[in-house]
Amino acid sequence: MGQMSFTPVESLDEDAARQELARLADILLKANAAYHQDDAPVMSDAEFDALKQRNAEIEQLFPNLKRSDSPSELVGAAPSDGFSKVTHEISMLSLANAFDAQDIVDFDQRIRKYLGLSDEDDLSYTAEPKIDGLSLSLRYEEGALVQAATRGDGRVGEKVTANAETVNDIPGKIANAPKLLEVRGEVYMAHDDFGALNARQAETGGKTFANPRNAAAGSLRQLDSEVTRARPLRFFAYAWGAVSEPFAKTQFEAIKKLKSFGFQTNPLTITCRNTEEMLQHYARIEAQRATLGYDIDGVVYKVDDLGLQGRLGFRSTTPRWAVAHKFPAELAWTRLESIDIQVGRTGALSPVARLSPVTVGGVVVSNATLHNEDYIAGRDNKGDLIRDGKDIRVGDWVQVYRAGDVIPKIADLDLSKRPDGAERYVFPETCPQCQSAAVREVGDAVRRCTGGLICPAQAVEKLKHFVSRPAFDIEGLGTKQVEQFYADGWIAEPADIFTLRDRYGAGMQQLKNREGWGEKSASKLFDAIDEKRKVPLGRFLYSLGIRHVGEAASNLLARHYGTYDALDRAMDAATEMNGDAWEDLLSIDGVGEVMATSLVTTMTQASEKASIERLVRQLDVQEAVRPMASESPVTGKTVVFTGTLEKMTRAEAKARAESLGAKVSGSVSSKTDILVAGPGAGSKAKKASELGVETIDEDGWLELIEGA
């Protein structure tokens, strides 16, 4: 990615970062559904993963800009309605991604820092090819296969047991296994089998597939298992989920154990003693890529010691102890046919290049992002020239690269092929949706529609967010229905959803009489809406779509305030952005001024507050349930860590405190119960002393929680 002509993450200012995050969030959800639900990706896995990586890098640099619909919270997609659903006992998470050698060095350094290890301490990893297929979890009880499920959204997958039983590489019974064992791996299709399948499909007039991954996913997710049986599917085992008893001490031993159970495991899996050996194996695998006979899109590294994996734990969607080292992106040249403007939920006007379709890495590309008006004009957010100052015009011959974007990017353009008469692109100053003025504030890289609630694009996008899976997730009320109801004037704000039965359940204009609806489907929708009236505070807060307040932040705020009434009162008290309520909000570990300002502004602005209150009257917003630990001496207490911890890292200390039911704050206030001060404690220790807050050292903390 570094050689491409786009603004590096480290060069983004806050406004440019905000615009980039908006663009990423807008396109990733569609690509995610296309890949996981439709088995028809609009880009390669490397492209998608690299885009998530860019999003994560921006969020790390600007943590307060994390959006409510952040792509970093995505794992797979919701299961298809065609299959019964399976809740994974242990979530099937995705992997963080790396794109170059420095990323791997950084990964190793993060692991060592978290574990408190020096560069001289031994730390081994496994390295294995990353198969480009469909993730599958196989549940064995008493050695017999009882259930097979796709990843789905990571928490809930599709039950495909009958189909999995037709795959030769998946044994129906295994000997000498734990009483319960969930074997996880990848369903894939070999190159030769893929070519033969497409030939047969073409001969019979059936559907041909764009690549082996699509063929494997489409074959495994057939409603008729006999169709699956006729498809040449394979399976590599590389991990496990729920297990009744440990069966290995290291990742490598576990892989060998899976092989002994009768599963195919990848012969290129090895252990590495350091990053140099990891990168050497990456180079070996990359050199063999074209001759392996199956698709891979990178190499996966995992901390080998399972005890260390347990200490490292997980982020919200990825394990800390593993990373996927992706292969480089690809390039292609094509013609720019037109430039369209899309309007997002926050009013941002985002230009999109419509291209003559071109195949890049096995995926047909017809769109590319153009970021903003400066990017089109050949400037970055600071006004410096990019692409040597070459502006982009309709008709240009452009070089497209797929380094991870759902909508790829333009790397360069060939002026020698520019058509005569091609005119400079003039960015619109009015919204194409509502004709309101589109203004660009000083320092902002994005031009935004000022129409607010009168802009149909913004209103519809807010409603789509409200009914999205992490928000209210109302069965039967998706993007299509929201657009339909909004266009017909049936809903204009979230509260309207919960009055649909009263307004359109009876009378002259009834939902059941509309095209595409019937009495049963209408009743089912009304019931589904009513089932969502009871909602957890965190989910409710996330559903509001407040800028910079993502799913994780919403749950964090919910745990801090406990109830909606308490949150509402606190926001009213913090209106002036000062005082105790404001300081209390900022004291929450993970909440900064940008997020706090957005939250308070949204919840106290007259029209927004009125809309939220109308919604609350339709709901039963549940009190947040904080994690409780039985007989914990710190349950319910607010703890602040400061200074240097010598026996555990700060991240481990925070995770341990929260697991015991404590609330970890980033600053000392009158509500702080305990300050854990290591060497180098400064202003926080002084403030704690002034407030009379109990202060203990690291040994005292460990003694306090010993045995809890």
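Q: Is His-281 buried or exposed?
A: His-281 is buried, at 4% relative accessible area (buried is under 20%, exposed over 50%, partly exposed in between, with a 1.4 Å probe and protein chains only). Bear in mind this is a predicted model, where local features need pLDDT of at least 70, side-chain atom pairs count only at pLDDT 80 or more, and totals for chains, interfaces and linings use all residues. Residues are numbered from 1 along each chain as its sequence is written, and side-chain values use heavy atoms, leaving out hydrogens and water.

Q: Which helix is His-281 in?
A: Helix H9, residues 275–288 (helices are DSSP runs of H or I, at least four residues, and strands are E runs of at least two, numbered from the N terminus).

Q: And what is His-281 in contact with?
A: Leaving aside neighbours within four places in sequence, Ala-127, Leu-268 and Ile-270 (contact is heavy atoms within 4.5 Å). A polar atom of the His-281 side chain sits 2.6 Å from the backbone oxygen of Leu-268.

Q: Switching to sheets: what is the order of the open sheet of 4 strands?
A: S22-S21-S23-S24, with parallel pairing (strands pair if DSSP finds at least two bridges between them). The edge strands are S22 (663–664) and S24 (694–696), each pairing on one side only.

Q: How many bridges join S21 to S22?
A: There are 2, between S22 and strand S21 (residues 638–642), and the two run parallel. Val-639 has Val-664 in S22 as its bridge partner.

How values were computed: A polar contact is a pair of N or O atoms within 3.5 Å; within protein, one must be able to donate a hydrogen and the other to accept it, and residues adjacent in sequence count only if both atoms are side-chain atoms.
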